[in-house]
Every structure is written in C-alpha cells, then in structure tokens.
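The stops below say what to select and what to look for.

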Amino acid sequence: MSEIKDWRKQSTPTDNYNDEQRRFLEEMEMRRNALWEQSQPKKKDASVIGRGIVGGIVAGPAGAVVGALSAIDKNRKNNK
C-alpha cells in the first residue's frame, strides 16, 4: 500500500511558478472562459404574438390559440 501516492501530496504543474506567473495564468483562464461564454448561443424567448399569427394563418382561430399557448409554454420552460 505504500506504493500508492496520496493525490493531495502530488505536485501540480503550477507548483514551481511564482506568484506573477500564477496570476497571469489565472487571468488567461478567466479571459478564455469569458470568450467561451460569449460564443455560446443566447436563449431567445418565443414570441407569443408571432406564433399566434402563424398558427392563425395555418389553422385558423384554433391554430392562433395553440400557437400562442406553445410560445407561453416554451418561455416557461426556458425560464426555469
């Protein structure tokens, strides 16, 4: 069992870095994360009016109601 090293005692690649190098790496990681978040698609709320109009054109008054309700349902799911 003495051959198994405790993972907490193992050195990491940054152990030999000085404080300035660590701060630089942390800043670069924060910038990378910010760029990644900006590149992700934004969630967009469904338009109740737009879906109601399209539903009305396709299936008449009942389609308008169903289209509007589908947008309301989608918006509720996105906001949870």
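The tour goes from the whole protein to single residues.

**Whole chain**

Begin with everything selected, and keep in mind that this is a predicted model. In a cartoon view the protein has two helices and zero strands. Switch to a surface view: the protein exposes about 7,600 Å², and carbon and sulfur atoms supply 57% of that area. Of its 80 residues, 10% count as buried.

**Helix H1**

Select residues 19-39, which make up helix H1. H1 has 21 residues. From its first C-alpha to its last, H1 reaches 30 Å, close to the 30 Å expected at 1.5 Å a residue.

**The start of H1**

Which residue caps the N-terminal end of H1? Select asparagine 18 together with glutamate 20: asparagine 18 is the cap, with a side-chain oxygen 3.1 Å from the backbone nitrogen of glutamate 20.

Next select tyrosine 17, in the segment before H1. Tyrosine 17 counts as partly exposed because its relative accessibility is 35%, a value between the 20% and 50% cut-offs. Leaving aside residues up to four places away in sequence, tyrosine 17 touches Arg22 and Leu25. Keep arginine 22 selected, as the next stop uses it again.

**Salt bridges**

How many salt bridges does a search of the whole structure find? The search finds three.

- Select aspartate 19 and arginine 22. They form a salt bridge, and their closest N and O atoms are 3.8 Å apart. The two residues are three apart in helix H1, so about one helical turn separates them. Aspartate 19 counts as exposed at 53% relative accessibility, while arginine 22 counts as partly exposed at 29%.
- Select glutamate 27 and arginine 31. Their side chains meet in a salt bridge, at 2.6 Å from N to O. Here the residues are four apart in H1, so again about one helical turn lies between them. Arginine 31 counts as partly exposed, at 48% relative accessibility. Glutamate 27 also counts as partly exposed, at 34%.
- Select glutamate 29 and arginine 32. The closest N and O atoms of this salt bridge are 3.9 Å apart. Both residues lie in H1, three residues apart, which is about one turn of the helix. Arginine 32 counts as exposed at 51% relative accessibility, whereas glutamate 29 is partly exposed with a relative accessible area of 43%.

Now move to residues 48-78, which form helix H2. Select isoleucine 49, which is found in this helix. Is isoleucine 49 buried or exposed? Isoleucine 49 counts as exposed because its relative accessibility is 65%, and the cut-off for exposed is over 50%.

Together with Ile49 they make a nonpolar surface patch of about 570 Å².

**Last view**

To finish, display both helices again. Colour the salt bridge between aspartate 19 and arginine 22, then the one between arginine 31 and glutamate 27, then the one between arginine 32 and glutamate 29.

How values were computed. Residues are numbered from 1 along each chain as its sequence is written. This is a predicted model: local features need pLDDT of at least 70, side-chain atom pairs count only at pLDDT 80 or more; totals for chains, interfaces and linings use all residues. Side-chain values use heavy atoms; hydrogens and water are left out. Patches are made of residues with over 30% relative accessible area and no salt bridge: like charges are joined within 9 Å, nonpolar side chains (Val, Leu, Ile, Met, Phe, Trp, Tyr) within 5 Å. Accessible areas come from the Shrake-Rupley method with a 1.4 Å probe; for residues, only the protein chains shown count as cover. A salt bridge is a side-chain nitrogen of Lys or Arg within 4 Å of a carboxyl oxygen of Asp or Glu. Buried means under 20% relative accessible area, exposed over 50%, partly exposed in between (1.4 Å probe, protein chains only). The expected span of a helix is 1.5 Å times one less than its number of residues. A polar contact is a pair of N or O atoms within 3.5 Å; within protein, one must be able to donate a hydrogen and the other to accept it, and residues adjacent in sequence count only if both atoms are side-chain atoms. Contact means heavy atoms within 4.5 Å.
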